[in-house]
Amino acid sequence: MFLKQDKIVEKICEIPVTLGDVSESIFGGVNTKNELLHRLALPEEGGSDSYYLCEGLCRPVFLEPELVYPYVSGAFSEKFAFRPSPYRFMLPYELSDKGKKKEYKVIPPEELKTRFPMAYGRILEFKKGFCRDDSPLKSADYEIRGRKFLDYFNTPKIIATEGYRLQAAYDAAGNHVFENGCGIVLKDPSKYAYVTAALNSSVARLFPSVCRSKMMYSGYTAPVVMKRFPIVFPDNRLTEDLIDTISSYLAFLNREKYVRDYGVPNWLRELVGFYEQISNLLVLDTYFINDLDPGLLNALEENIHPYAGDMDSENSESLLSALYYIKQQILEASSYKKYKFNMELPGILKFSQSSEEF
């Protein structure tokens with residue numbers, strides 16, 4: 001089956017439900033007056049939990065770890081899981097206990113000096129040494145902008161970034177800080193895995209063409225644009241369960257890929273590619289075809305199940321072996337290699353025979 005790209009874009013534009021419809025909020029990241037004050041580099045040689053490098057002061061600094069959070073950079077691919085970042089982000093805020101609504105407030109200087117003296121000293125030194133400002137420290141010197149970001153801080157969310165293309169990862173703890181891209185909090189928490197898969201699928205690769213057809217020329221991860229991302233949910237529980245489980249596989253596999261500093265072995269790349277193809281196939285079938293080969297569906301149903309152990313455990317070798325075994329079982333039990341989407345040809349969505357090996 002062949003569909004030209006303009007026909008695909010036309011079909012996508014006709015999808016009535018958008019990401020904005022199924023989201024509680026879609027919002028941008030933090031905005032600071034001075035990025036070098038808040039962003040901290042991790043030392044290459046490692047160190048204690050409170051030891052960082054200040055790029056503005058050009059020297060090591062110490063900070064209370066309670067005020068330092070993981071940082072997401074759009075410069076790195078963030079598909080399903082977050083790549084380890086060489087940076088952290090200082091956020092001198094805390095949860096306010098006033099009222100029923102969760103609200104993060106900046107910690108005032110006098111309280112910061114008493115409770116977090118290392119952070120206070122570093123901010124004061126930065127202000128005097130980097131900004132050449134000897135006036136008394138005030139909250140405005142280290143406040144951030146991004147009200148919605150703070151409203152949903154420590155709330156589970158998808159973080160979509162735009163590196164070489166649109167990509168997304170699920171932040172279960174909700175404590176990752178990002179500047180570029182957008183955060184997506186869904187109305188239904190059970191849909192996070194599927195929406196993450198959709199945002200990493202070939203549909204997302206066509207989203208720029210959809211935006212151009214609708215005369216939207218802002219960045220593709222701008223909240224006002226991401227609200228228009230078309231969403232189609234599977235009409236059967238099996239497909240959605242399969243995508244949810246494969247998303248958990250891919251989160252684990254990408255974490256394994258990201259932490260290998262000395263090169264990713266081919267077998268791991270092929271394993272990631274295999275499960276990405278399966279996820280992509282199921283998402284594209286949901287959006288366009290809804291008619292997968294029954295033999296393939298049976299093979300997926302029989303072999304793909306939630307892992308009984310801890311996906312975050314240090315015993316990764318056994319899980320890698322299990323995922324490799326599942327891959328082999330699927331290949332042997334189905335005609336998977338004959339049925340797959342190929343988005344590599346410009347302008348063509350192809351669903352046909354393929355001899356590519358995994």
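Which side chains meet in a salt bridge at 2.9 Å, N to O? In the predicted model described here, local features require a pLDDT of at least 70 and side-chain atom pairs count only at pLDDT 80 or more, whereas totals for chains, interfaces and linings use all residues. Residues are numbered from 1 along each chain as its sequence is written, and side-chain values use heavy atoms, with hydrogens and water left out.

The pair in question is Glu94 and Arg115. A salt bridge is here a side-chain nitrogen of Lys or Arg within 4 Å of a carboxyl oxygen of Asp or Glu. This pair links distant parts of the chain, since Glu94 belongs to strand β9 (residues 93-96) and Arg115 to helix α4 (residues 109-115), 21 residues apart. Helices (H or I, at least four residues) and strands (E, at least two) are DSSP runs, numbered from the N terminus. Glu94 is partly exposed at a relative accessible area of 27%, and Arg115 is partly exposed at 38%. In these terms, buried means under 20% relative accessible area, exposed means over 50%, and partly exposed lies in between, with a 1.4 Å probe and protein chains only.

Arg115 also forms a salt bridge with Glu111, with 2.5 Å between the closest N and O atoms. Both Glu111 and Arg115 lie in helix α4, four residues apart, or about one turn of the helix. Glu111 is partly exposed, having a relative accessible area of 28%. Side chains of opposite charge can pair when their charged atoms come close. The structure holds 14 salt bridges. Another of them joins Lys127 to Asp133, whose closest N and O atoms are 3.9 Å apart. Lys127 counts as buried at 4% relative accessibility, whereas Asp133 is partly exposed at 26%. A network of salt bridges links Lys127 and Asp133 with Lys138 and Asp141.

Aromatic contacts were examined next. Rings of Phe, Tyr and Trp (its six-membered ring) pair if their centres lie within 6.5 Å; planes under 30 degrees apart count as stacked, over 60 as edge-to-face and the rest as tilted. By this rule the count comes to 16 aromatic pairs. One of these consists of Tyr69 and Phe153, whose ring centres are 4.9 Å apart and whose planes stand at 85°, so the arrangement is edge-to-face. Because Tyr69 lies in strand β7 (residues 68-72) and Phe153 in the loop between α6 (147-151) and β12 (157-162), the pair ties together parts that are 84 residues apart in sequence. Tyr69 is buried, with a relative accessible area of 14%, and Phe153 is buried, with a relative accessible area of 1%.

The rings of Tyr71 and Tyr87 have centres 6.2 Å apart and planes at 75°, so this pair is edge-to-face. Tyr71 lies in strand β7 and Tyr87 in strand β8 (residues 87-90), so the contact ties together parts that are 16 residues apart in sequence. Both Tyr71 and Tyr87 are buried. One aromatic cluster is formed by Phe27, Tyr69, Tyr104, Phe149, Tyr152, Phe153 and Phe178.

Charged groups also sit over aromatic rings. The criterion places NZ of Lys or CZ of Arg within 6 Å of the ring centre and within 35 degrees of the ring normal. The charged end of Arg39 sits over the ring of Tyr87, 4.0 Å from its centre. For Lys191, the charged end sits over the ring of Phe233 at 5.1 Å from its centre.

Strand β5 (residues 51-54) pairs with strand β6 (residues 59-62) in the antiparallel sense over four bridges; two strands pair if DSSP finds at least two bridges between them. Leu53 stands opposite Pro60 in β6. The two strands β5 and β6 form a hairpin with four residues between them, and Cys58 in the turn has a positive phi of about 60°. Helix α11 (residues 266-289) is mostly covered, 17 of its 24 residues being buried.

Overall, the secondary structure of the protein comes to 13 helices and 17 strands. Buried residues make up 50% of the 358 residues. Of the contacts (heavy atoms within 4.5 Å) between residues at least 6 apart in sequence, 69% join residues at least 24 apart. The accessible surface, from the Shrake-Rupley method with a 1.4 Å probe, comes to about 17,200 Å², of which 50% belongs to carbon and sulfur atoms.
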